[in-house]
Amino acid sequence: MKTNKKGIILLSGGLDSFVSLDMAKKNCEVELALFFNYGQKAYEDEKEAVEKIASYYKIPAKLIELPFLKELSKNALTDNNNNNFNDLESVWIPNRNGLFLNIAACFCDKHNYDYIILGANKEESIEFSDNSVEFIKLSTQFFGLSTQKHPIVLAPLKNYDKIETINYVIDNNLPINFIKSCYKADKEKKHCGDCKSCKLLYNAILKSKKPELIKEIF
């Protein structure tokens with residue numbers, strides 16, 4: 001049941017933030033999406049995906065420029081000389097989710113948002129600690145001290161793995177072709193199929209209710 005609460009979402013254009021937005025809108029009014037440019041190679045593709053998703057849900061998307069993060073992030077996501085997309089160190093951006101959430105919390109204080117929606121999921125929390133339930137809980141506690149609004153961080157997918165997430169897309173007939181979950185900037189393919197993110201997505205679709213969706217994504 002939808003409440004009169006309001007939310008802001010961190011929208012990357014990928015599968016998890018897309019599905020998190022759909023889930024969150026069933027319970028609150030999501031009034032703004034934040035998208036961040038930190039010098040990632042896939043920026044243009046991600047931006048296109050964010051615009052499609054935001055338009056589909058009829059919410060505005062605001063771009064936040066964070067050029068300094070690229071200077072701190074000499075890894076495969078931002079460094080043109082690094083193409084190793086398959087281990088944690090090569091795709092880790094220093095305190096990325098923490099920084100994004102803090103920026104969103106500033107908007108909460110200004111615009112009276114009750115929730116910050118984060119596309120964190122159970123499967124990736126195994127490697128990425130800033131996807132974990134503990135991180136989500138502690139972030140909410142932190143905002144209880146650092147803001148006047150005291151927004152709650154919501155992660156609708158915190159108990160979902162990728163297969164369950166894909167099946168949610170299928171069950172709710174969502175336009176999965178909108179997403180961009182690939183780390184690479186490759187106009188020849190929607191998704192490369194080789195990077196860490198693509199491999200997770202490919203395997204999830206393969207084991208889902210509609211494995212033929214692979215043809216739409218890869």
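Trainee: How much of the contact pattern in the protein chain comes from residues 24 or more positions apart?

Mentor: Start with contacts whose separation is 6 or more. In this predicted model, residues 24 or more positions apart account for 70% of those contacts in the protein chain.

Trainee: What radius of gyration would a compact globule with 218 residues have, and what does the protein chain have?

Mentor: Set the two values side by side. A compact globule with 218 residues would come out near 17 Å, and the protein chain has 16 Å, so the two agree. Along the principal axes, the C-alpha atoms fill a box of roughly 45 × 40 × 30 Å.

Trainee: What share of the residues is buried?

Mentor: Of the 218 residues, 52% count as buried. As for the surface, the protein chain exposes about 10,700 Å², and carbon and sulfur atoms supply 50% of that area.

Trainee: Let's take a strand. Which strand is joined to β1, and do the two run parallel or antiparallel?

Mentor: Here's the general idea for strands: in a regular one, side chains alternate between the two faces of the sheet. In this case, β1 is joined to strand β2 (residues 29-37) by 5 bridges, and they run parallel. To find one of the pairings, go to Ile8, whose bridge partner in β2 is Leu32.

Trainee: Which residues of α4 are buried?

Mentor: Keep the helical repeat in mind: an α-helix has 3.6 residues a turn, so residues three or four places apart point the same way. In α4, the buried residues are Asn97, Gly98, Phe100, Leu101, Ile103, Ala104, Ala105, Phe107 and Cys108.

Trainee: Where do I find positive phi values around here?

Mentor: Asn95 has a positive phi of about 55° although it is not a glycine. You'll find Asn95 in the loop between α3 (67-72) and α4 (96-111). Then, following α4, comes Asn112, with a positive phi near 70°.

Trainee: What is the phi of Asn173, and is Asn173 buried or exposed?

Mentor: Its phi is near 55°, again positive in a residue other than glycine. Asn173 sits in the loop between α6 (162-171) and α7 (196-206). With a relative accessible area of 66%, Asn173 is exposed.

Trainee: On to charges. How many salt bridges are there?

Mentor: The cut-off to remember is a side-chain nitrogen of Lys or Arg within 4 Å of a carboxyl oxygen of Asp or Glu. By that rule there are 10 salt bridges. One of them joins Asp22 and Lys26, with the closest N and O atoms 3.7 Å apart. Asp22 is buried at 9% relative accessibility, whereas Lys26 is partly exposed at 41%.

Trainee: Which parts of the chain does the pair Asp45 and Lys180 link?

Mentor: Their side chains meet in a salt bridge at 3.3 Å, N to O. Asp45 is in helix α2 (residues 43-56) and Lys180 in the loop between α6 and α7, so to speak distant parts of the chain, 135 residues apart. Both residues are buried.

Trainee: What about Lys162 and Glu124: where do they lie?

Mentor: That salt bridge is 3.2 Å, N to O. Lys162 lies in helix α6 and Glu124 in the loop between β4 (115-117) and α5 (133-146), so the pair ties together parts 38 residues apart in sequence. Lys162 is buried at 8% relative accessibility, and Glu124 is buried at 15%. Salt bridges with shared partners join Asp16, Glu124 and Lys162 into one network.

Trainee: Last one: which residues does Lys210 touch?

Mentor: Leaving out residues up to four places away in sequence, Lys210 touches Ile170 and Ile205. Lys210 is in the loop between α7 and α8 (214-217), and is partly exposed at 34% relative accessibility.

Terms used. Residues numbered from 1 in each chain as written. Predicted model: local features only at pLDDT ≥ 70, side-chain atom pairs only at ≥ 80, totals over all residues. Heavy atoms only, no water. Helix = DSSP H or I, 4+ residues; strand = E, 2+ residues; numbered from the N terminus. Buried < 20%, exposed > 50% of the residue type's maximum accessible area, 1.4 Å probe, protein only. Rg over C-alpha atoms; globule rule 2.2 N^0.38 Å. Contact = heavy atoms within 4.5 Å. Areas by Shrake-Rupley, 256 points an atom, 1.4 Å probe, with all protein chains shown as cover. Pairing = 2+ DSSP bridges.
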